[in-house]
Every structure is written in C-alpha cells, then in structure tokens.
Amino acid sequence: LTSTGGRLEVELVAGRGVTLAGRETQALGYNGSSPGPTLHVRPGDTLRVRLTNRLDEATNLHTHGLHVSPEGRSDNIFRVVGPGESGDYEFAIPADHPAGTFWYHPHHHGTVADQLFGGLFGALIVAGADDPDLPERLLVVSDISLDAGGRPAKPSLPEIMAGREGDLVLVNGQRLPRLDVVAGVTERWRFVNACVSRFVRLQLDGHRLGLLGLDGQALGPPMDVDAVTLAPGNRADLVVSLQRAGRHTLRTLAVDRGGMGMMMGSNDTSRETALAEVRAVEASRSGPPEPKAWPGPGLPDLRDRDVARRRRITFTMGMSMGMSMGMGPGGMTFGFDGVEFDPARVDQDPRLGTVEEWTIANTTPMDHPFHLHVWPMQLIAGPGSSATDRPDWRDVVIVPGGGEVRVLVSFEKFGGRTVYHCHILDHEDRGMMGIVQTQ
Ligand code: C2O
Ligand code: CU
Ligand code: CU
C-alpha cells in the first residue's frame, strides 16, 4: 500500500485466523495476514489508518520509530480501541523525516506481548528522495509457538520472566522461505525484528553484509559487517550481493542475552536457527550498477549541542511480595528505578527543544533492549556503539546485564506524553515502562 499525492489511507482489521508456515492457524493478523500489509509513505505525507478491532479484547496502534506527535489521533498509545470498535488514526509525517524502515504494532498495556506474539505487526517504509536505486526485499522476522488447536501458545511463568521465544521462527510468516537472487546483483534487504523477546543475530553463511542503516536512520556508504544483532524492535537495512551461483543459508546465530540463571532455572539463550534459504543463480545479464552516492544521516550530530540535563534511568527487577502471581514463592517485578509503570506518574519531564543526555543502566543479570518513543536516540557510549565517527542512531538500544549505555536525545518538535520501555514485551507488560512528558 503506497501513498499517492501526499496521502495514504488504509484500513487495518485486527482479527484471528491467518496462514502461517503454510498452515491455517488461529493466530492473529491484520487484514487476514501476518505480517500485516506493508505501508509505504514519504516524508511530508499524511498517513490515515482506520483500525478495526475484531478481537475479543482491546487493542490500539503504535508506529514504532516514527518521529510524529504522540498526542490525539497520532501515535497515542494511551488510546483504547475496544473489541468490535474502530478507531481513526492520523499521522502527519514531517517533511524532514528520515527515510528508512519502520514498523507498526499494538501497544495496549498488559497485552502487547500476547498480541505481537499472536501475529499483530507489519512494516512501514518511509521512502526517501535519494534512496539508492536497488532491487529491494523486506524480511520481517517473528517467532510464535502454536498449541494443538493452532492458537498462539500461552507462555509459562519462566518464559514470561525471561521473555518468551517461540519455537517457530518465521520470515514474512513463512518457515524457511527460499529467496532467489542473481549472482553479482546488489540488493537492499530491509529487516525488522518483530519478535517479542528473541535477539536476532543475522548472518549469511559468512558473506560480508553491508550495513546501510539501523532503525530507519541511514548511515552513509555501507559498512562491512559479518553479522548484525537486532534486539526486538530493531531494524537493519543491508546491502547484499552474492558473487557466485549457489545455495546459502540466512540464519540467526545463537545470542546469549543473559538470564536469571539458577533463580528461574530456564535457558535464556536464543538458539541458532536457519531463517531462509538463499539461492543465487548465474546472471544472464547484469543488474543496475552500484550507486555512487549513498544517503547519509538525515539527523544532525547531537555531540555538538549543549546538554540541558543529564538523567540516569536504571532497569530494575525485584522479588514481589506475597503470591501476587499465584505461583509459589512469588515472582519477579519489572520496572525502572525500583518502580513499576504507573500511567498517572510522570517519570521524565524534558523541556521541548532541549537536548538531554541519558545514561541507561541495568542492575539486572539479563540484557534489556531500551526503547524510547517519538524521539530517536544517538548512542554515544556503551558496548553496542560503533567505533566510527558517524552518528549512531537507534530507537532501541541493548543495555547489557550489569552494564550501561549513554544516549543523546533532542526533544524537539512534538510535546506530549509517551513512554520508554523494555522491548522484551513480556517485561513491558509487567511494568518495565516509564512515562516521558515533554512540554
Ligand atoms: Cu515497538 Cu513502545 O514499541
Ligand atoms: Cu515504539
Ligand atoms: Cu527487559
């Protein structure tokens, strides 16, 4: 679905019953499919979505990574679209919005993990005027477990604690799809990690990958990498070119994202899994030449700006008192700075138009991906930050267990109330979320 004349109007119907991995299931989808339709827009466009809820529970819509207003009918995650209801959304995308790969998913607190795990997500591509002229493909990675009746499986308590991982790993709703490419032709692959908790570490049989952009922000000329790690919510734009005919495997390598070890007795490590079979055939003719110019960062480097305020935000977990989860010796609580999410509390109150430096610390033994809505983060220190001078923009940053990262954020253009949270969505639903209100 592509915008014309500066507008895109779509209806997304959230409902049950989609084909996954070649079989009819009772999983969730938009307009009968998971992933839902891909929305293609341009900077300056208005995106109008009518969200119709055919589920038996409340839902809503979030445009992950878009720099748009968090208020009113825009990216307002406090809205509720009840079962049987429709809600109209209108997203005004600024004319200077970066071009890249974004996505959409529900954000109704308490059921975000269940609804994404069930299959509710889709890609949103902002096309730019200076996008390189390359053949493209979109690869949305997700995982799900289905019970005998084809319904998304309910997670166990240890799975919720660690962040659930599905035993079916899918690409565009398919199990191990075959991707046909032509040897010697450079393509652009847009990846979305739509998993609830699984960290994806992409590798293509040891071939070099060219990193063009992360989280919808262009990096300039492609950076050669062996593998790319995507936390839940992250996207990567890669250039791929296989020089010889043959079969290759796109896989996600095992990622150790830490765990609660003895405490929960669960295995918290994402296993190595094949994602797709890539078949390269000999070229009968050559593809378009490699672009000479690549789009650079669309956002100015914040390292040159004055910092109005420094804050420290810490991922915390504790033991809950009593038996609130109905499971033996109580469970863990998830939060920031020792408190669980409370929609009535403002946790951070940056002034509109200022730059802040946030240190995100993690006192827990497991890695947590930190996500901030609306305003992109420039990663300036921490294990994931790149060694180069190029500004390193993300909207989800991995904060390793026992470690910390530092980011700069320019709270510009949009005032309003929204959230930051752990993008292991089981943690978010359990309270690992805070309110940021800008005015
Ligand atoms: Cu991917 Cu708060 O969202
Ligand atoms: Cu988001
Ligand atoms: Cu977490």
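Guide: Let's settle one term first: helices (H or I, at least four residues) and strands (E, at least two) are DSSP runs, numbered from the N terminus. This is a predicted model, where local features need pLDDT of at least 70 and side-chain atom pairs count only at pLDDT 80 or more, while totals for chains, interfaces and linings use all residues. Residues are numbered from 1 along each chain as its sequence is written, and chains are lettered from A and ligands numbered from 1 in the order in which they are written.

Visitor: How many helices and strands does the protein chain have?

Guide: Three helices and 31 strands.

Visitor: What does the radius of gyration say about this chain?

Guide: The radius is taken over C-alpha atoms, and the globule rule is 2.2 Å times the number of residues to the power 0.38. For 439 residues a compact globule would come out near 22 Å, and the protein chain has 21 Å, so the two agree. Its C-alpha atoms fill a box of roughly 70 × 55 × 45 Å along the principal axes.

Visitor: And what share of the residues is buried?

Guide: A residue is buried if 20 or more other C-beta atoms lie within 10 Å of its own, exposed if 12 or fewer, and partly exposed in between, with C-beta atoms placed from the backbone. Here 46% of the 439 residues are buried.

Visitor: Which residues touch the most other members of the largest nonpolar core?

Guide: A nonpolar core is a set of buried Ala, Val, Leu, Ile, Met, Phe, Trp, Tyr and Cys residues joined through C-beta atoms within 7 Å. The largest has 105 residues, and Leu 116, Val 141, Phe 191, Val 397 and Val 407 touch the most other members. Now contacts: two residues are in contact if their C-beta atoms, placed from the backbone, lie within 7 Å. Leaving out residues up to four places away in sequence, Leu 116 touches His 105, Phe 121, Ala 194, Val 196 and Leu 425. Across the chain, of the contacts between residues at least 6 apart in sequence, 75% join residues at least 24 apart.

Visitor: How do I read a sheet, and what order do the strands take in the open sheet of six?

Guide: Strands of a sheet pair through backbone hydrogen bonds, either parallel or antiparallel. Two strands count as paired if DSSP finds at least two bridges between them. The open sheet runs E23-E22-E24-E29-E26-E27, with mixed pairing. Its edge strands are E23 and E27 (393–394), each pairing on one side only.

Visitor: Which bridges hold E22 and its partners?

Guide: E22 (residues 309–319) pairs with E24 (residues 354–362) in the parallel sense over seven bridges. Arg 310 stands opposite Glu 357 there, and Ile 313 faces Ile 360. With E23 (residues 332–336), E22 is antiparallel over five bridges; Met 319 has Met 332 as a bridge partner. E24 also joins E29 (residues 404–411), antiparallel over eight bridges, with Trp 358 opposite Val 407. That is the Val 407 listed among the core residues above.

Visitor: Where do the domains fall?

Guide: Bounds like these come from an automatic or database domain assignment. Here they are domain 1 (7–126), domain 2 (136–281) and domain 3 (302–438). The centres of domains 1 and 2, over C-alpha atoms, are 21 Å apart, and 27 residues of domain 1 contact 29 of domain 2. On the domain 1 side, the elements giving two or more residues are strands E2 (23–30), E7 (100–105) and E8 (122–126), plus helix H1 (112–118).

Visitor: What helix and strand content does the span 20–128 have?

Guide: It is 6% helix and 38% strand, and its end C-alpha atoms lie 32 Å apart.
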